[in-house]
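Here is a quick tour of a protein chain with a ligand, written with modelling in mind. We start inside the protein, move on to the ligand, and finish with the overall layout.

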Amino acid sequence: PGSGSDSAAMQTMAVRDGNGYRLNGTKRYITNSPSAKIGLIMARTSKEALAKNAHVSAFIVDMTTPGITIGKPDKKMGQSGAHIADVIMEDVHIPGSALVGGEEGRGFQIAMQSLDNGRLSVAGMGVGMGRRALDTAIRYATERKAFGEPIANFQLIQAMLADSEAELYAAECMIADACARADRGENIQRKAAAAKLFSSEACGRVVDRCVQVFGGAGYLAEYPAERFFRDARILRIYEGTSQIMQLQIAKSLLREFASEGAVW
Ligand SMILES: Cc1cc2nc3c(=O)[nH]c(=O)nc-3n(C[C@H](O)[C@H](O)[C@H](O)COP(=O)(O)OP(=O)(O)OC[C@H]3O[C@@H](n4cnc5c(N)ncnc54)[C@H](O)[C@@H]3O)c2cc1C
């Protein structure tokens with residue numbers, strides 16, 4: 001629970017036990033844990049923090065294994081269709097074959113690779129949610145009348161629609177480029193972080209404009225804009241916060257500059 005953004009500081013331990021391991025620890029805010037049958041669980045196989053986070057290993061775990069308890073689902077701001085809860089592990093015995101990659105210390109590397117995919121997925125969610133919000137805003141703007149005409153005729157409303165379109169198009173291009181690079185086998189860590197950062201922040205602005213186009217109705221639960229606003233907020237937090245994306249992008253740029261003398 002204490003580690004969060006500093007994921008390598010996790011406290012969950014996997015201690016060798018016969019041919020397998022014994023897991024102890026708690027994971028917080030785990031999406032779909034109330035219904036998950038299988039879990040990918042990161043745990044320390046060394047108490048000491050090792051270079052390149054080699055103290056972290058990854059395990060595939062049957063979530064019905066004795067010793068695993070799922071906490072009460074947390075009440076959230078939005079995304080009411082996705083449930084999160086704590087996963088509490090007390091002396092959970094798992095077989096040696098649960099160790100991903102068959103080797104201790106590869107967990108962080110595996111997590112980072114799956115995070116690239118996860119971050120692109122969240123970037124895609126940003127575009128999807130943003131598109132729905134923009135579509136809803138356009139529809140409302142053509143129907144709602146003020147000063148005797150549809151608000152879509154007002155250029156200040158049009159500016160909000162145009163800015164949203166431009167930002168969503170940019171996010172789509174970033175995601176398409178990062179995916180194409182991944183297909184070519186390139187390391188996309190920086191691109192995935194940049195796409196996640198931009199798309200989630202852009203989505204936040206798009207849903208905010210949707211509320212604004214709706215006016216007072218945008219603030220009421222009766223209309224969809226209010227839900228879009230709440231649902232989109234988490235995109236800037238999970239799979240690494242916007243600040244963690246900024247840190248990773250900058251770290252990667254500085255590392256490349258130090259070794260190459262330029263950054264392309
Ligand atoms: C709905 C939901 C679903 C989730 N699903 C999952 C899941 O399925 N699996 C999973 O493992 N986790 C999941 N999480 C956890 C999520 O990934 C973390 O909440 C997130 O990474 C941030 O960690 P934290 O909450 O501990 O915040 P903290 O790490 O405490 O961060 C608090 C603030 O400090 C900032 N900050 C932290 N470190 C730095 C730094 N070095 N420099 C600058 N700013 C910094 C952060 O950006 C943030 O603004 C979920 C969370 C939520 C809310």
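## The enclosed space

Counting cavities of 30 Å³ or more gives one. Keep in mind that this is a predicted model. The largest cavity holds about 40 Å³ of space.

Which residues line the largest cavity? The list runs Ala133, Leu134, Ala137, Met160, Leu161, Ser164, Val206, Arg209, Cys210 and Val213. Sorted by class, that lining has eight nonpolar residues, one polar and one charged. Ser164 and Arg209 are the polar and the charged one, respectively.

## Helices around the cavity

Three helices each put at least two residues into the lining of the largest cavity: α1 (107–143), α2 (155–183) and α3 (189–214). And which of them gives the most? That would be α3, with four residues.

## Around the ligand

## Polar contacts and burial

If you like distances, here are a few. Tyr29 uses its backbone: an N or O atom there sits 2.9 Å from a nitrogen atom of the ligand. Thr241 works through its side chain instead, with a polar atom 2.6 Å from a ligand oxygen atom. Gln243 also brings in a polar side-chain atom, this one 2.7 Å from an oxygen atom of the ligand.

How much of the ligand's surface does the protein bury? On its own the ligand exposes 970 Å², and the protein buries 53% of that.

## The chain as a whole

Stepping back, the chain has five helices and eight strands. Reading from the N terminus, the elements go β-β-β-β-β-β-α-β-β-α-α-α-α. So what box do the C-alpha atoms fill? Taken along the principal axes, roughly 80 × 50 × 30 Å.

Notes:
Residues numbered from 1 in each chain as written. Predicted model: local features only at pLDDT ≥ 70, side-chain atom pairs only at ≥ 80, totals over all residues. Heavy atoms only, no water. 1 Å grid on protein atoms, 1.4 Å probe; cavity = no way out; pocket = protein on both sides within 12 Å on 5 of 7 lines; lining within 4 Å. Points joined across faces, edges and corners; volume = space filled by probe spheres on them. Polar contact = N/O pair within 3.5 Å; in protein donor to acceptor, adjacent residues only side chain to side chain. Areas by Shrake-Rupley, 256 points an atom, 1.4 Å probe, with all protein chains shown as cover.
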